[in-house]
Amino acid sequence: MDLFQLGSEDLRSLRANAPVHRDETTGLWLVSRYDDVRAVLADPRRFHPDNALTAVTAIPRPVLRVLARAGFSLPPTLANNGTDTHTDLRRLVARFLTPARVEAMRPRIAELARERLARVAGPVADLHPALARDLPAIVLMEVMGIERVDIPLLKAWSTASLELFWGNPALERQYELAAPTAEFHRWLTSRLRAARGDDDLFGALRDVPVREAAGLCYFLLIAGQETTTQLLSAVLDAVLRQGDLWSRLDEPGLAGRVVEEVLRRDPPVTTWRRIAAEPVTIAGVAVPAGAHLLLMLAGSGSDPAVFAEPERLCPVRPNARKHLAFGFGRHFCLGAGLARLEAEVVLREAFARFPNLRLASAQPPPMLGLLSFRAPLSVLVDPGEPAGTPAVQLV
Ligand code: HEM
């Protein structure tokens, strides 16, 4: 089984035949049923998050030296922090993501989407670069109050980081990826050292030792936008493959419910990790202390014991929001509200601009295939005429 390319059939088979399965190649224990995944996430005493950001493919010493020269380290801060310092650090970041602050971003997200859609033209356009790629990064920087950011550079740094930590790169590729990863860390450290006031995230972290602050920002500036880029592509692709769903997107509340269903069935964060702090039994299987668990978030969202006809994208599903795409419990995603809002607004704006848009090809798209991240890398569409274009041009 290739953990980097798990499909829905693999997940179904795991849930049915081996709900707790030790993968020989990586040593990871795969947990795939909804109830088990949720129970692990809900129990921070017995399951620690320390391995959340550990490189899946070991980084050899010479490559580590490239990172070390930039002072790179990922001490426990948020997702990988099972200690008491988690609460205060989480509060510092949550201040920037209150429901009111997130909602206040709605018009700006719509404006960014409209600017991008105005540049989309046929006969074939790729909505991944055109709409999904940089919008979440711009939104994240604005919500965190961070100015003077080279967005294409931030995207290059963060995609390199994702591949280095969650991919399966060969040695030469690891060297290539370590350079932008180190550069990102250097930039964060210098911005944190220069920060004044507490209007922006960097300033708000001024009392946190710079090593911790840089580790926190490194995670947040990647997690807070790469995942949303992935969600935007996944939502656009899924809606366009589903009968007449696109043409119904102006029905009240439908766009938001569709986003929830995509999060359930095709979540961008497909897996997340924990460590068993003591010997435990999960689904009747004895798991030793110290075992590294791979929680199949994607598998849990398609568990037929919880979601009827799970492969069907069903916007009226009553329990769609029960999914675990944003985790659960103490580490529940701080950006869930922002990600949901971005996806809903972008979907609605795309429909408003191009009501007759359709996929340019029925072929499945190329997918990002990392241990914890999976999403279409392109969404090729025939946009059709923009709304408001007269059917007959009057001369
Ligand atoms: C579709 C988009 C997103 C998905 C699928 C996603 C998913 C996740 C998951 C699975 C976790 C781990 C939860 C756990 O361990 O129980 C997490 C944690 C986190 N996410 Fe997200 N995320 C998304 C977007 C965002 C955004 C937009 C932000 C910030 C603006 C963000 C910030 C965080 C933070 C700070 C944590 C760590 C929370 C903690 O440990 O206390 N995420 N996210």
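Where does C333 lie? In the loop between helix 15 (297-301) and helix 16.

A word on the source. This is a predicted model, in which local features need pLDDT of at least 70 and side-chain atom pairs count only at pLDDT 80 or more, while totals for chains, interfaces and linings use all residues. Residues are numbered from 1 along each chain as its sequence is written, and side-chain values use heavy atoms, with hydrogens and water left out.

Now the ligand's surroundings. How many residues surround the ligand? The count is 30, and H86, R90, R274, H331 and C333 are the closest. To be near, a residue needs a heavy atom within 4 Å. By class, this shell holds 20 nonpolar, seven polar and three charged residues. Nonpolar means Ala, Val, Leu, Ile, Met, Phe, Trp, Tyr, Cys and Pro; charged means Asp, Glu, Lys and Arg; the others, Gly among them, are polar.

Next, polar contacts, meaning pairs of N or O atoms within 3.5 Å; within protein, one must be able to donate a hydrogen and the other to accept it, and residues adjacent in sequence count only if both atoms are side-chain atoms. H86 puts a polar side-chain atom 2.7 Å from an oxygen atom of the ligand. H331 has a side-chain N or O atom 2.7 Å from a ligand oxygen. F328 uses its backbone: an N or O atom there is 3.2 Å from an oxygen of the ligand. Which elements give two or more residues to the shell? They are helix 4 (85-94), helix 12 (210-223), helix 13 (226-240), strand 5 (271-276) and helix 16 (336-353). Helices (H or I, at least four residues) and strands (E, at least two) are DSSP runs, numbered from the N terminus.

On to the spaces. On a 1 Å grid over the protein atoms alone, a cavity is a set of points where a 1.4 Å probe fits but cannot get out; a pocket is an open set with protein on both sides within 12 Å along at least five of seven lines; lining residues have an atom within 4 Å of a point. Points join across faces, edges and corners, and a volume is the space filled by probe spheres set on them.

The search finds one cavity of 30 Å³ or more. The largest cavity holds about 750 Å³. Its lining has 40 residues, with F219, A223, W272, C333 and L334 closest to the centre. Helix 12 gives the most to that lining, five residues. By class, the cavity lining has 30 nonpolar, seven polar and three charged residues. The ligand takes up the space of this largest cavity; a molecule sits in a cavity or pocket if more than half of its atoms lie within 2 Å of the grid points.

The largest pocket has about 670 Å³ of space. Of its 30 lining residues, S8, R265, D266, M367 and R374 are closest to the centre. The second largest pocket has about 280 Å³. It is lined by 17 residues, with H128, T159, E226, L368 and L377 nearest its centre. Helix 9 (151-166) gives the most to this lining, with five residues.
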